[in-house]
Amino acid sequence: MSPVRDVAAAADAAALAGAPPHSRAGGRARAVARAMFPFLVVGAIWELIAHSGLFPARLFPKLEEIGGALVSLTAQGILQHHALETVVRLLAGFGVAAVLGVAIGIAMGRSRRAEDVLLPLVSIGAPIPGLAYAPLFLLWFGLGDFGAIALVGFVSAFPIIINSWSGVKAVKEIWVRAAQAMGADDRRLFRHVILPGALPYILTGLRLGLAQAWRILVAVEMLAAVPWGLGWMIFGAREFLNTDVMLAGIAVIGAIGLALEKLVFERLENYTVVRWGMMTS
């Protein structure tokens, strides 16, 4: 972090520490209000449409009915079981994609030979929708968890590879030459120049890869004939027009995604690129 940012951060901390308790509480309340405002607006619009009669009540339930479904499914332990199964498949597939995707992307960015061999394959495979791969993966690996996890890892790896490769290529040549002029070997060059310079792109790729993982997993949970999972629950509720259960499952998926963003990606970003002064929080 630069001296200017150090002074600014110290000033902000001192100002916050010196503020009276009611001022700090008011600041937290305003932050919570700003975070909740978009949800309140969407909820109000949803309720207006639900009460307007534009759609049948069974197809467009009120928020209280969706909340009732959430409470009922949670009280029975059904929702937790579905969510846990989905999260385990998500983390397993996405974890493999993150490790391999970053490694392959960095290798492509650092090696012209690897780029020449792998970039055409990645460029062809990335635009193909994940569901197009689903029948092949289910035939190769069979029904159940392994086929679903393998498909999630394969599909979500593409944006991670592309963004990691772009990040390495985007590192300024003058940074590399300056580090080499100061005697940095390949290991130090990668650790102190290449990786920090590419990290904002890598984090973007991980976010995009996670979004891809969610989309394909929710769909493939029905195709793979797994007994539990949020995707299975949503598709099963559709057959009986239980729209409130479908929307409860969708809400849980959104909540898990938001938790992963806040607890994992945002913290990692603040600890690295924001702390280094490469991005603003």
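## Aromatic pairs and the ring cluster

Phenylalanine 141 has a relative accessibility of 36% and therefore counts as partly exposed, in a model that is predicted rather than determined by experiment. Phenylalanine 137, by contrast, falls in the buried class, since its relative accessibility is 7%. These two residues, phenylalanine 137 and phenylalanine 141, lie four residues apart in helix α6 (residues 130–141), so about one helical turn separates them.

A search of the whole structure returns eight aromatic pairs. One of them is the stacked pair of phenylalanine 55 and phenylalanine 60, whose ring centres are 5.2 Å apart and whose planes make an angle of 10°. Within this pair, phenylalanine 60 is buried at a relative accessible area of 14%, whereas phenylalanine 55 is partly exposed at 42% relative accessibility. Phenylalanine 137 and phenylalanine 141 also form an aromatic pair, here a tilted one, with 5.7 Å from centre to centre and 40° between the planes.

## Overall architecture

The protein chain contains 11 helices and zero strands, so that in sequence order its pattern reads α-α-α-α-α-α-α-α-α-α-α under the helix assignment used here. Of the 281 residues in the protein chain, 35% are buried. Among contacts with a separation of 6 or more, 70% are between residues 24 or more positions apart. The chain exposes about 16,500 Å², and carbon and sulfur atoms account for 69% of that area.

## The nonpolar core

The largest nonpolar core comprises 54 residues, and the members that touch the most other members are Leu151, Leu206, Trp214 and Leu230. Two or more residues of this core are supplied by each of α4 (78–110), α6, α7 (145–170), α8 (173–181), α9 (186–223), α10 (230–239) and α11. Helix α9 gives the largest share, with 15 residues.

For leucine 230, once residues up to four places away in sequence are set aside, the residues touched are Leu79, His82, Ala83, Thr86, Glu221, Val252, Ile253 and Ile256.

Where does threonine 272 lie, and which residues does it contact beyond its sequence neighbours? Threonine 272 is placed in helix α11 and, leaving aside neighbours within four places in sequence, is in contact with Leu199 and Leu203. The C-alpha atom of threonine 272 is 8.1 Å from that of proline 196, although 76 residues along the chain separate the two. Threonine 272 has a relative accessible area of 8%, which means that this residue counts as buried.

Leucine 258 is also located in helix α11 (residues 243–274), but with a relative accessible area of 44% leucine 258 is partly exposed. Helix α2 (residues 21–52) contributes the largest share of the nonpolar patch, namely four residues.

Terms used:
Residues numbered from 1 in each chain as written. Predicted model: local features only at pLDDT ≥ 70, side-chain atom pairs only at ≥ 80, totals over all residues. Heavy atoms only, no water. Phe/Tyr/Trp six-rings, centres within 6.5 Å; stacked < 30°, edge-to-face > 60°. Buried < 20%, exposed > 50% of the residue type's maximum accessible area, 1.4 Å probe, protein only. Contact = heavy atoms within 4.5 Å. Areas by Shrake-Rupley, 256 points an atom, 1.4 Å probe, with all protein chains shown as cover. Core = buried A, V, L, I, M, F, W, Y, C linked by side-chain atoms within 4.5 Å.
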